[in-house]
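Grab a viewer and work through these exercises with the model open. Try each task yourself before reading the solution below it.

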Amino acid sequence: MTTSPTDTGVATTTAPAISLRGVSKVFSTSSGPVHALDDITLDIEPGSFVSLIGPSGCGKSTLLRVIGDLIDPSEGVVEVHGRSAAAARKARDYGMVFQQAGLMDWRTVRRNIELPLQVQGVGRDERRAKARQMLKLVKLEQFEHHRPRQLSGGMQQRVAIARALSFQPRVLLMDEPLGALDEMTREHMQRELLGIYQATGTTVVFVTHSVSEATFLSTDVIVMSPRPGRIAEHLKIDLPAYRNDETRISEQYFAEEAKVRASLHSVLDESRRAA
Amino acid sequence: MTATTAISLPALRGAGAATTRSALAQAVPPLVVGALALVAWEALVRVLSIPAFLLPAPSAIVATLVTDVGLILSAAQVTTAAVLGGMALGSIAGIVAAFVVSLFERAASTILVLVAILSCAPVVALAPIFNQWFGASNLMSKIAVAGIMVFFPVMVNTTRGLLRVDPLHRELMLSLSASPLQLMLFVRIPGALPALFDGLKIGATLSVIGIIVAEYFGGTANALGVLIANTAALSQFEQTWAAVAAASALGLALYALVLLLERVAMPWHHAMNRT
């Protein structure tokens, strides 16, 4: 998929991992149609970390679900690695993480992680080995046999991430996965998530409310405006690929965060004026 | 994360002993209340010199239980077989019906309403008819009454349990492109177990009621219900009360058996309720 730099050293071209062309979504409700998404066109490069940010009602969660083929778009085309979103879902391209961990109480931590592999018909021994590998990745080896309820919220969310990664999906779709966590756990999880992202090279689409989170994690931030949900601005985050706690207090980080914040504020001002 | 680990591990290790202790602690208050009630009953009968045909003292009932142990045990044996038969018939039919109805999600709520209306019928009124159908001395005439009574709560609860899927789990299974059968096996069935056991608990009580009342309408002379009816007619109230006590013990034992099965089938549920 990725073409190496040409010998002239000119800009490299990559086929997008995810490509959206004129995607709209209209929900019909009792109080009339709601335009959740309006004419979204966007290319997401393979291996990029893309955050969707915007005020509530901007359709960022809907956009994530359209990409994941959990919701059909009313108009437009979604392609994932050159296939339709439906074909990509059937080919098990997607790992999903939601705001709530959504673990199954009736399974132990390890067997929760094994679920996607079980759905795919992977044999028991291989399932177990992969799940243990994932437990190591999210640093929960000692909790293999625990029940989900015995774990803290942050730990549960790491199990959910391990579950989503267990079958090495090409795309990780995350809907405010850290939204329900307290500030300390949240920052810790952001570092963990970056580590996992860097280790796996998965393409990530990440819905968030937090400017600092979007800036710290992403290669790209998509700022969205509400009613109807549109892309207001596509920002590239100019930070080194490797990021740590030092990054959070660097001049460069503050500049990038300010850029995202300014864009988001102009969207908010505009929507307030419209209202 | 190491900090969390250090805090939570010892806490979790102590959880096993703590649950056993708290289970015992939970059993103590009702036992004390029960014992006090028996003492009060005994005192009331003695102080007010209530005649035995109105209300025998617990000590007199126990004495009758001891002297007539052979008669009561052999009657209890027949009744126990009928109760277990009714429980098995009603539960199996209820579970099978629940699976069939849950396959038709759209029709399910209508069917449940119809079943709820049907379940309002006083099923024990069918006992004389079943005596006619199967023959009064045939155990099936009693089992059919109890079976129908058990069927309703098991069927209604299990159907609701099978249909109620956490939207998060539904979305997760959809994103993994799981088949309907996999959704049934991995999500619906384990998720329905708590509801199924709630139905079985109601059924356990109803099965005893159904059998005893059906036995009032005649049948093998050797059964608790027949014994209760006959001794009452002959004003042998101490024997009547002894048989009632045996029937109550049977009901309690069946309920305890369901609780035990519930624990074995859902170890996670038990652990969850304690935390």
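Some housekeeping: residues count from 1 along each chain as its sequence is written, while chains are lettered from A and ligands numbered from 1 in the order in which they are written. Since the model is predicted, local features need pLDDT of at least 70 and side-chain atom pairs count only at pLDDT 80 or more, whereas totals for chains, interfaces and linings use all residues.

**Exercise 1. The sheet in chain A**

Work out the strand order of the open sheet in chain A and find its edges.

Solution. Start with the terms: helices (H or I, at least four residues) and strands (E, at least two) are DSSP runs numbered from the N terminus, and two strands pair if DSSP finds at least two bridges between them. The order of the 4 strands is E2-E1-E4-E5, with antiparallel pairing. Strand E2 (32-44) and strand E5 (83-84) of chain A sit at the edges, each pairing on one side only. Next, look inside the sheet: E1 (residues 18-29) and E4 (residues 75-80) of chain A are joined over 5 bridges, in the antiparallel sense. Here Leu20(A) stands opposite Val78(A) in E4(A). Finally, H1(A) packs on the sheet and touches E1, E2 and E4 of chain A; the direction of H1(A) makes about 65 degrees with that of E2(A). (Angles run from 0 to 180 degrees between N-to-C directions, with axes fitted to C-alpha atoms, for helices over the stretch in contact.)

**Exercise 2. A glycine in a loop**

Is Gly54(A) buried or exposed?

Solution. First place it: Gly54(A) is in the loop between strand E3 (49-53) and helix H1 (60-67) of chain A. Then count: Gly54(A) is buried because 26 other C-beta atoms lie within 10 Å, and the cut-off for buried is 20 or more (12 or fewer would be exposed, in between partly exposed, with C-beta atoms placed from the backbone). Leaving aside neighbours within four places in sequence, the contacts of Gly54(A) include Lys60(A), Val223(A) and Pro226(A). Its C-alpha atom is also 9.1 Å from that of Ser210(A), 156 residues apart along the chain.

**Exercise 3. Cores**

Which residues have the most contacts inside the largest nonpolar core?

Solution. A nonpolar core is a set of buried Ala, Val, Leu, Ile, Met, Phe, Trp, Tyr and Cys residues joined through C-beta atoms within 7 Å. The largest has 81 residues, with Ile67(A), Val159(A), Leu173(A), Val205(A) and Val223(A) having the most contacts inside it. H5(A) gives the most to this core, 7 residues. Another core, of 55 residues, lies apart from it and includes Val78(B) and Phe237(B).

**Exercise 4. Chain B and the interface**

Summarise chain B, then count the residues where the chains touch.

Solution. Chain B has 12 helices and 0 strands, and 33% of its 275 residues count as buried. The contact takes 23 residues from chain A and 21 from chain B. On the side of chain A, the largest share, 3 residues, comes from H3(A).

Conventions: Two residues are in contact if their C-beta atoms, placed from the backbone, lie within 7 Å.
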